[in-house]
Amino acid sequence: MRYRLKFKFRGMQIWLTAAARYARLPQVLLPLVLLAVACSNGAVTGANTAQVPAQLIDPMAEFEGMVVDGPILEIGSTSVSVRATTREKTVCAVSYGPTTDYGRIATDDAMDVGGHKDHHPVLIGLEPNTLYHYSFGGIGPDGKVFRSPDFTFRTLPADAGALPEPEGENLAALGAGARVLAASSNFGGGDFAGRWGANSAFDGDLTTQWSSDGDGDGAWIEIELAAETHVTSLGFWTRTMGESAQIFSFQVETDRGEVAGPFRLSDASSVHYFETDLTARRLKFQALETSGGNTGAVEILVYGSPVP
Ligand SMILES: [Ca+2]
């Protein structure tokens, strides 16, 4: 079977013919069609098309040149963290789903307006022990799009020993009236509400993170709950930068001087829950063992009931 594509460019007829013997044909043809539409629109509206390069972009070829490290996956049972580094600042996205039709998209909420080089999108809402397809792509400041070929991963089986998410409201959420009192630091000297600020560990957003400024084992963060609370469960999702920034264990200290822990975090791909029996208005979460560097948390959660 053969496809034929026809379009006008600056008054000239250009014919493209491609044989459909490669599985990637639609992915190669898409940018050709987009370029053709862009060129023909310019001709119709009279826009200045003199600077439009008459070149055809192959996103997968651009991917090879743009992505210098990754994608590297931190695979959990229900979520996957993706890390990739691009040669230039770009805006990235991951398409993912159970088939090559994908169906979901994730991007890096920490994105600068002008894009960035270190990308950390998180794929959430996954089923345990399930095969998924994904493609990492984006666009650079030169207007060139790039995307990876189709990749796959299998989520981990559900951890039989892991505690499920507790019932009830997360009392550590800012929306539940909790607030950050203090933190060992925020990356870059920012404030609590900044991009890497302490509030990011209590905002209910799995794409935002609190990052300390190189505190390693010395990282800590203290919150005040809306009311004196009998704390029956904690949840903690550590951040990671692969080789650093990951918390392996932590403890929690209350304003009454009670200490619980150490609690071990087996990975950085999801929230880990722990049962507790504490009474507190204020809770101080302290890193114990870490891989050093800009340690912090994606989310910290607290469950329980008000003390009568
Ligand atoms: Ca967050």
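Reader: How many bridges join E8 to strand E9, and which way do the two run?
Author: Three bridges join E8 to E9 (residues 145-147), and the two strands run antiparallel; strands here are DSSP runs of E with at least two residues, helices are runs of H or I with at least four, both numbered from the N terminus, and two strands pair if DSSP finds at least two bridges between them. This is a predicted model, in which local features need pLDDT of at least 70, side-chain atom pairs count only at pLDDT 80 or more, and totals for chains, interfaces and linings use all residues. Residues are numbered from 1 along each chain as its sequence is written.

Reader: Ok, and what is the bridge partner of Ile-139 in E9?
Author: Ile-139 has Val-145 as its bridge partner there, and in the hairpin of E8 and E9, with five residues between the strands, Gly-143 takes a positive phi near 85°.

Reader: Which residue stands opposite Ser-135 in E8?
Author: That is Ser-95; strand E4 (residues 80-97) is joined to E8 (residues 131-139) by seven bridges, and these strands run antiparallel.

Reader: Switching to H2, which residues are buried there?
Author: In helix H2 (residues 59-66) they are Pro-59, Glu-62, Phe-63 and Met-66, where buried means that 20 or more other C-beta atoms lie within 10 Å of a residue's own, exposed means 12 or fewer, partly exposed lies in between, and C-beta atoms are placed from the backbone.

Reader: Why do they line one face of the helix?
Author: Seen down the axis of H2, the buried residues fall within an arc of 110°, so they line one face; the arc is that of the directions from the helix axis to the C-beta atoms. The face turned away from that buried side carries the exposed residues Ala-61 and Glu-64.
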